[in-house]
Amino acid sequence: MNKLLVFIFVILLLGMFSCDNTLNPVDTENGIFGVYGALDLRSDTNYIRVNDLNQPFTEDATREIDAEVVLENLDSGFSEILEDQRVLFQGVYQHNFKAAQPITPNTEYRITVTRSDGAVLFLNTTSPSQPQAVAEPINQNCYTPIEVTFDPMYKGTIAFYVEYRAIIPRPVPTDTIRQGIYTFRNEGEPGTEAVYTFTPVDVMKLTPQTGGTYRCTDLVVPEFNIVYRHFSEGFYEKFYEGEFDAFESTQRFGSYYADTLTIPVDDSRVCPPDCLTNQSREEEDE
């Protein structure tokens, strides 16, 4: 999988997971624990960050956390007590609980966080399907529309962008260009498919450059990538579209499947459709 897919989403995760040391303790009426985590279907290891909302964000107060964290597969009944891996970051300790169990598609998971006095927090997520993206046709010129199908798509949201590498004027001789982000949302019955159609030359025209627009002859590698993630129901909207507020958004737990589809194209220099039209008219005039 193209590592850079983790580009946008990992950056967003890190931004949301960071702490603001100026915040005051939160009263128990507003919550016991803050939970931030995303279960990746393709990762062997996942981490769930847990904060005690009733402790000040200082080094001494966050050194230890009174919490037992359990991840349970509700379909199989398998449960795992997660190991706390404490990290000092910007003057406070962050408690990242490590989950080693595999995350399977279309499966309900529950995080249970329990304090020694019996106070408990439950959060559930149903992992998304594992849609395979298929493109047709491939190895065609850049004026041929390409249809990309994601199937099956169960409840949730697919977010993706189109990526290609093209020659860019100085100071960077070549670079990766991304267009999007596009989304499909399925709120109905599971098992449907999502379809996206694009024409390579039209995608490249969206990127301006000095002296005109990009063409397939500018490609460094004759291919386009569809870099996508399928998020569990409601998770994309809450985690990436919602505004983060430590007092109102203290439970963010979901799951996703990430992958990349590479689509080869023929970057040979060809006469575009409008050229062929003009050529036909000239022949008719003769």
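1. Let's begin with a link between two cysteines: Cys142 and Cys216 are joined by a disulfide, with an S to S distance of 1.3 Å. Please keep in mind as you read on that this is a predicted model. If the term is new to you, a disulfide is a covalent bond between the sulfur atoms of two cysteines. The count of disulfides here comes to one.

2. Where do Cys142 and Cys216 lie? Cys142 is in the loop between strand E9 (132–136) and strand E10 (146–153), while Cys216 is in the loop between strand E15 (212–213) and strand E16 (223–231), so the bond ties together parts that are 74 residues apart in sequence. The link of Cys142 and Cys216 is left-handed, with -90° about the S-S bond.

3. Are these cysteines buried or exposed? Cys142 has a relative accessible area of 3%, which makes Cys142 buried. Cys216 is buried as well, at 7% relative accessibility. Both values can be checked against the cut-off, because buried means under 20% relative accessible area.

4. Now turn to Ser129, which sits in the loop between strand E8 (120–126) and E9. Ser129 also counts as buried, with a relative accessibility of 1%. Which residue does the side chain of Ser129 meet in a polar contact of 3.2 Å? The partner is the side chain of His230. Setting aside neighbours within four places in sequence, the residues in contact with Ser129 include Pro105, Asn106, Tyr154 and Tyr257, along with His230.

5. Next, have a look at the nonpolar core. The largest one has 49 residues, and Val148 and Ile226 are those with the most contacts inside it. Strand E11 (residues 156–167) gives the largest share of this core, namely five residues.

6. Val148 deserves a look of its own. Leaving out residues up to four places away in sequence, Val148 touches Ile226, and also Ala133, Val134, Ala135, Ala194, Val195, Tyr196, Phe198, Leu261 and Ile263.

Key:
Residues numbered from 1 in each chain as written. Predicted model: local features only at pLDDT ≥ 70, side-chain atom pairs only at ≥ 80, totals over all residues. Heavy atoms only, no water. Disulfide = S-S within 2.5 Å. Helix = DSSP H or I, 4+ residues; strand = E, 2+ residues; numbered from the N terminus. Buried < 20%, exposed > 50% of the residue type's maximum accessible area, 1.4 Å probe, protein only. Polar contact = N/O pair within 3.5 Å; in protein donor to acceptor, adjacent residues only side chain to side chain. Contact = heavy atoms within 4.5 Å. Core = buried A, V, L, I, M, F, W, Y, C linked by side-chain atoms within 4.5 Å.
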